[in-house]
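Student: I should like to learn how to read a helix and a ligand site from a model. May we work through one case together?

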Amino acid sequence: MEKIVIDGGVALQGTLRASGAKNAALPILIATLLAPGEHRLTNVPALTDTGSTLSLLGRIGCPSLVGRDSIRVDTSRIAFSEAPYDVVRKMRASVLVLGPLLARCGEAKVSLPGGCAIGTRPIDQHLKGLEALGCEFELSGGYVYGRAPDLRGADFTFDVVTVTGTENVVMAAVLARGTSVLRNAAREPEVVDLCNFLVSLGARIEGIGTDTLVIEGVPRLWAASRPYKILPDRIETGTYLCAAAVTGGDVTVENTDPTLLGAVLDVLRDAGCEVTTGEDWIRCRRSGPLRPFTFTTQPHPGFPTDMQAQLMTVACLANGESHIEETIFENRFMHAAELRRMGAVIDHCSSKATITGQPGLTGAAVMASDLRASAALVLAGLAADGLTEVLRIYHLDRGYENLVGKLRGVGARIGRVGDEVRDEEVMRRSLLVEVGLA
Ligand code: EPZ
């Protein structure tokens, strides 16, 4: 099992480029099922989740070609309207094929995604919204069997703000007969990007970016003539800005969009960072002490839950007591236990955490539990004295393209190694040699 090794304590300096947004690329790749033809997408991040999505499309009968600068997907024919368990269990976002398959083929068989480390992650709102459009579902043997004999527009209000729930229902509504009004819809930038992509295929959607989407169904959609560029990844961007904050460095993230993460920039400024922005770049510098801060995660445009773990690491080094409240997922503090092993002082219940900042952290072997928790542990390793090993880094590969390369590019002493157990000193020396740090 691969792991990441970090020799911490270096103030990061320099510039790196954000990749395309994972949480926009996945729904947009799946949305190509709605329009027969050859689609071209650019700025698609090279992640394991991207690969999983392309292999799912392949199993449905839609081959893809990954080029240097773009990905082509041919959705002319659909052979199977199914997302099997072995794919869905690896990537929950596979459940997004429900809407498109029901809209295009009138039927779908999709494995129920299990819960995951951060919560039970139900899909009741997905099914409720699709049922409002006339879909019928039967749950059996861990699968959802769906039929859409007559997809028609509806006025539907989500009980909770759900990103992929909104996306699933939007992708069915665009081909429904008549008009749909979707209320209490998610407004995340990735939902906006999906809607913009659907409009490029000929969909008719009003209210994009608001919590009320008005969709006039059309008989069919067509592959766009021009390539579609995926929007920048705001969570990856925010993660690298936090790397500057925790190491007392000066990092500029290019190929990004400052308007996508205003709430995160506000908290970084509260923490004592100097944050400056341009049209497609953000610079974060921290020279003085980190100040404690408080935030509560909320649906967009509030503070994003996907940045909570990373800011908890920043709070571990602040001069005082910070307070974090997690309102989106019921179990998203698992990084706290691992941070404590590095010397952090964190006290939390299921939704609220109090972090008492310390002068520093100490390197240790720590275990990643989910995608963003892994990122928080890498940030802690960058700031810590001594060696940190982050295990189970397959979580990271799902959402961070070339993380080691990008961090090395701004001075981090970091590498990926295989997994041999050796005595402490030999391990330390050989690890540093193997990752080119000694
Ligand atoms: C999306 O997950 C993202 N994933 C998550 O990013 C992100 O954390 C989350 O939105 C919140 O922003 C993708 O876009 C692929 P939700 P999603 O449905 O859509 C409850 C990452 O790290 N809910 O918005 O699955 C749910 O339990 C990942 O990149 C229902 O009750 O999240 C949660 O409490 C992690 N019923 C809340 O809504 C439903 O039918 C928000 O979940 C659906 C959701």
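Student: Which residues in H2 are buried?

Tutor: This is a predicted model, and burial is judged by relative accessible area, with buried meaning under 20%. In H2 the buried residues are Asp-49, Thr-50, Ser-52, Thr-53, Leu-54, Leu-56, Leu-57 and Ile-60.

Student: Why should helix H2 span 18 Å?

Tutor: The expected span is 1.5 Å times one less than the number of residues. Helix H2 covers residues 48-60, so its 13 residues should span 18 Å, and the end C-alpha atoms are 18 Å apart, which agrees. Just after H2, Gly-61 takes a positive phi of about 110 degrees.

Student: Turning to the ligand, which residues come nearest?

Tutor: The ligand has 21 residues around it, of which Gln-125, Thr-162, Thr-164, Asp-306 and Ile-328 come nearest.

Student: Which polar side-chain atom lies 2.7 Å from an oxygen atom of the ligand?

Tutor: For a polar contact, one looks for a pair of N or O atoms within 3.5 Å. A polar side-chain atom of Thr-162 is placed 2.7 Å from a ligand oxygen atom, and one of Arg-332 lies 3.4 Å from an oxygen atom of the ligand. The side chain of Asp-124 has an N or O atom 2.7 Å from a nitrogen atom of the ligand.

Student: How much of the ligand's accessible area does the protein cover?

Tutor: On its own the ligand has 820 Å² of accessible area, and the protein covers 86% of this.

Student: Which element gives the largest share of the shell around the ligand?

Tutor: H5 does, with three residues. By type, the shell comprises nine nonpolar, six polar and six charged residues.

Technical notes: Residues numbered from 1 in each chain as written. Predicted model: local features only at pLDDT ≥ 70, side-chain atom pairs only at ≥ 80, totals over all residues. Heavy atoms only, no water. Near = heavy atom within 4 Å. Polar contact = N/O pair within 3.5 Å; in protein donor to acceptor, adjacent residues only side chain to side chain. Areas by Shrake-Rupley, 256 points an atom, 1.4 Å probe, with all protein chains shown as cover. Helix = DSSP H or I, 4+ residues; strand = E, 2+ residues; numbered from the N terminus. Nonpolar A, V, L, I, M, F, W, Y, C, P; charged D, E, K, R; others polar. Buried < 20%, exposed > 50% of the residue type's maximum accessible area, 1.4 Å probe, protein only.
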